[in-house]
Amino acid sequence: MKINKLIQKIQSGDSMAANQLLIKMSPLIKKYAAKTFALEYDDAYQELSLALIKAVTHISDTSNENACLSYLKKTIVHQKSALLKKQRDISQMEISWNEQLTSNFIVKSKIEDTIFSVDFTNFLSQLPKKEQEILILLYYYDATDSEIAKKLNVSRQYINRIKKKIIQKANFI
């Protein structure tokens, strides 16, 4: 059956004609669904099929089959473009949101680092000189207990005892 005759039947309420039109237009729908990388193929196929059926209701002159076919093809192409644009807009929103989230995380991280630095500096200033030196070597220079003991000419056990004492002072137990 010709496309224009199927369109007339659809417009008069024949749902079987709609299925027949979709079968006839299937190669074109498949072609453009495959080009719609923004969606899964099945989703794109369904969206394009729905757009085709909606377009049938807008065709007023069904006497020329080529004009009907051209209109339906333009509808599918336009819908494919609209799907791509919609997906591109969504991707841009996701990128923008991710950038904002990352930016907020960096700012929050810098604030937390600053607060920790101020707290650590205040805590450090309350310690005796020897404990300050050990703590600085431990946390700023990542020195091991053995390295600190050797540098300060004390035993590793002494360094460990001082670390425990510092932790108790900081109420970290």
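## A tour of an all-helix model

Of the 173 residues of this protein, 29% count as buried, where buried means under 20% relative accessible area, exposed means over 50% and partly exposed lies in between (1.4 Å probe, protein chains only). This is a predicted model, in which local features need pLDDT of at least 70 and side-chain atom pairs count only at pLDDT 80 or more, while totals for chains, interfaces and linings use all residues. Residues are numbered from 1 along each chain as its sequence is written, and side-chain values use heavy atoms, with hydrogens and water left out.

Let's begin with the overall plan. The secondary structure comes to 7 helices and 0 strands, and from the N terminus on the elements run α-α-α-α-α-α-α. Here helices (H or I, at least four residues) and strands (E, at least two) are DSSP runs, numbered from the N terminus. The accessible surface of the protein comes to about 12,300 Å², with 55% of that belonging to carbon and sulfur atoms; these areas come from the Shrake-Rupley method with a 1.4 Å probe, and for residues only the protein chains shown count as cover. Among contacts (heavy atoms within 4.5 Å) with a separation of 6 or more, 51% are accounted for by residues 24 or more positions apart.

Next, the start of the chain. Helix H1 spans residues 3–11, and its buried residues are Ile3, Asn4, Leu6, Ile7 and Ile10. They sit on the same side of H1, because they cover an arc of only 155 degrees around the axis, the arc being that of the directions from the helix axis to the C-beta atoms. As background, an α-helix has 3.6 residues a turn, so residues three or four places apart point the same way. After H1 comes Gly13, whose phi is positive, near 105 degrees.

Leu28 belongs to helix H2 (residues 15–35) and counts as buried because its relative accessibility is 18%. Not counting residues up to four places away in sequence, Leu28 touches Lys73 and Ile76. Val77 is 49 residues from Leu28 in sequence, and their C-alpha atoms are 9.5 Å apart in space. Ser49, in helix H3 (residues 41–56), has a relative accessible area of 11% and is therefore buried too. Leaving aside neighbours within four places in sequence, Ser49 is in contact with Leu22 and Ile29.

Finally, the charged pairs. A search of the whole structure finds 2 salt bridges, a salt bridge being a side-chain nitrogen of Lys or Arg within 4 Å of a carboxyl oxygen of Asp or Glu.

| Salt bridge | Distance, N to O |
|---|---|
| Glu131 and Lys165 | 3.4 Å |
| Asp145 and Lys163 | 3.1 Å |

Asp145 is buried, with a relative accessible area of 16%, whereas Lys163 is partly exposed at 25% relative accessibility.

The side chains of Glu131 and Lys165 meet in the other salt bridge. This pair links distant parts of the chain, with Glu131 in helix H5 (residues 129–139) and Lys165 in helix H7 (residues 156–169), 34 residues apart. Glu131 is buried, at a relative accessible area of 3%, while Lys165 is partly exposed, at 40%.
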